[in-house]
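I opened my notebook to look up a few local features.

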Amino acid sequence: MDNILKIENLKKIYHTKYQETLAVENFSFELKRGEFVAIVGPSGCGKSTILSILCGLEQKSDGNIIIDNNINIGYMLQNDALFEWRNILNNCLLGLEINNTLTEENKSYVLELLKNYGLYDFKDSFPNNLSGGMRQRVALIRTLATKPDILLLDEPFSALDYQTRLAVSDDVYQIIKKENKSAIMVTHDLAEAISMADRIVVLTKRPGTIKSIYEINLTNKSTPIKNRRAKEFSYYYDMIWKDIDYHV
């Protein structure tokens, strides 16, 4: 697989009136086309900061981010951030409106996504009529509507209860793979990372830099729920858990 994104020596410093905090240092990484990567590490190690820099919400302090001009990035937030006064279809069209790319062709693409992923019958409903899992699927379709090549997922299932979280992670994973997207997901849930990712990046405590990268090779790799039953799952879990400094 060819690389779709290259990050070289990324650095982020936060400045206040009285001090500066080094959040990320010497972060270098390459994302392959069609790859699903998870980033894990202790709280406050800069995981979400990296995503914010990649999507342009924050400025890097140093380093290089090399990405082709034709590559689009979509960012799926921790909370679904749906507008309660807009129906489901209009929520999904929001990014196209902002980008001034709401054409009939793009609207038809969104309607097709809603059909493919079981939400078409709810297109005229409002978010408060949907379950938490359905809302997250709407949020993903809203992100996919702008046809991104890379999806950035920041703790996308953390607001859901455990059973819903498992089901929605299955849905989201299958949608991303079916749409042939590359993805970088930040998560605190190690089981979630192992069940979904092709590679897992482990960060050190702040300032976050790469401590280890694990290739996840599961027998008969399938959906996240089924992947949790793979014979290698507990091996990866134990190994990566020991590598993460959760106690700092």
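**Ground rules.** I am working on a predicted model, where local features need pLDDT of at least 70, side-chain atom pairs count only at pLDDT 80 or more, and totals for chains, interfaces and linings use all residues. Residues are numbered from 1 along each chain as its sequence is written, and side-chain values use heavy atoms, with hydrogens and water left out.

**Cysteines.** I looked for disulfides (a pair of cysteine sulfur atoms within 2.5 Å). The count came to zero. I checked C45: the nearest cysteine sulfur belongs to C55, 17 Å away. C45 is buried, at a relative accessible area of 0%. Buried means under 20% relative accessible area, exposed over 50%, and partly exposed in between (1.4 Å probe, protein chains only). Next I checked C92, which is in no disulfide either; the sulfur of C55 is its nearest, 19 Å away. C92 is buried too, with a relative accessible area of 0%.

**Cis bond.** I found a cis peptide bond from R206 to P207, with omega near 0°. P207 sits in the loop between β8 (199-203) and β9 (210-215). Helices (H or I, at least four residues) and strands (E, at least two) are DSSP runs, numbered from the N terminus.

**Positive phi.** Which way does the phi of E155 go, positive or negative? I read a positive value of about 45°, although E155 is not a glycine. E155 lies in the loop between β6 (150-154) and α6 (162-178). I noted E155 as buried, at 6% relative accessibility. N220 has a positive phi of about 55° and is not a glycine. I placed N220 in the loop between β9 and α8 (224-227). N220 is exposed, at 70% relative accessibility.
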